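Dear colleague,

Please find below the structure that I am handing over to you, together with its sequence. My findings follow directly after it.

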Amino acid sequence: EGLLKASFLLGAPQRALHGGSARTWRVYLSGEIHSDWRERIASGVQKRSLPVSLQSPITSHEDSDDCGAIILGMEEERPNWDRKGATMNLIRTRTLLEDADIVVVRFGEKYRQWNAAYEAGYAVARNKSLITLHEPSLSHMLKEVNAGALAVCEEAEQVVDVLDYVIT
């Protein structure tokens, strides 16, 4: 155990220690869409050659909001417009959450991500391994969500470290 921990911290190749894995892990990246956290995780996964397939919801706010009305027909009232978009997006979200081995949910400070909280709860209810990612200042507000998480990270690079450790 001590050798494993020391090797991990020193950056030694983990596949040699754990025996490697032919499996490709499906990781769903949920939550905040206004920063580069997904790109930072993708870059770290690629640099370490981790056997990971990253999936996400639609991250264009406009596309996510307007897809239902554009595809299924315009609505005059905003609640109907929003419902069409939400249910169309849920087709993708449910499918990717169900298929995921690990769900990472990012909560940002600027906006309330109700959808992220929903997806975190859905993941835990479906017995998915949940990793939360947020600033320390949000820890109290997210204490119940974090209680369902198997890892709580403050930086995207920590998520990559967790993935590297548990996968390889």
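In what follows, two elements are in contact when they have heavy atoms within 4.5 Å; angles run from 0 to 180 degrees between N-to-C directions. Please note that this is a predicted model.

With those terms in place, helix H3 (residues 37-47) lies across S1, S2, S3 and S4, and runs at about 160 degrees to S1. Helix H6 (residues 114-125) also packs on the sheet, where it touches S1, S3 and S4. The direction of H6 makes about 155 degrees with that of S3.

The sheet itself is open and consists of five strands in the order S2-S1-S3-S4-S5, with parallel pairing. S2 and strand S5 (151-153) each have a single partner strand and stand at the edges, so one side of each is left without a neighbour in the sheet. On average, neighbouring strands are turned by 20 degrees against each other, direction ignored.

Strand S1 (residues 25-31) and strand S2 (residues 52-55) run parallel and are joined by four bridges; Trp25 has Val52 in S2 as its bridge partner. Between S1 and S2 the chain passes through H3, and this β-α-β crossover is right-handed. Six bridges pair strand S3 (residues 102-107) with strand S4 (residues 129-134), again in the parallel sense. Here, Arg106 stands opposite Leu133 in S4.

The largest pocket has a volume of about 660 Å³. It is lined by 22 residues, of which His61, Ser64, Asp65, Asn89 and Asn115 are the closest to its centre. Helix H4 (61-72), helix H5 (78-99) and H6 are the elements that give two or more residues to this lining. Which of the elements gives the most to the lining of the largest pocket? That element is H5, with six residues. By residue class, the lining of the largest pocket comprises eight nonpolar, nine polar and five charged residues.

The second largest pocket has a volume of about 210 Å³. Its lining includes Phe107, Gly108, Tyr111, Arg112, Gln113 and Trp114, as well as Ala117, Leu138, Met141, Leu142 and Val145. Eight residues of this lining are nonpolar, two are polar and one is charged.

Yours sincerely

Conventions: Residues are numbered from 1 along each chain as its sequence is written. This is a predicted model: local features need pLDDT of at least 70, side-chain atom pairs count only at pLDDT 80 or more; totals for chains, interfaces and linings use all residues. Side-chain values use heavy atoms; hydrogens and water are left out. Two strands pair if DSSP finds at least two bridges between them. A crossover is right-handed if, with the strands pointing away from the viewer, the path from the first strand over the helix to the second runs clockwise. On a 1 Å grid over the protein atoms alone, a cavity is a set of points where a 1.4 Å probe fits but cannot get out, and a pocket is an open set with protein on both sides within 12 Å along at least five of seven lines; lining residues have an atom within 4 Å of a point. Grid points are joined across faces, edges and corners, and a volume is the space filled by probe spheres set on the points. Ala, Val, Leu, Ile, Met, Phe, Trp, Tyr, Cys and Pro count as nonpolar, Asp, Glu, Lys and Arg as charged, and the others, Gly among them, as polar.
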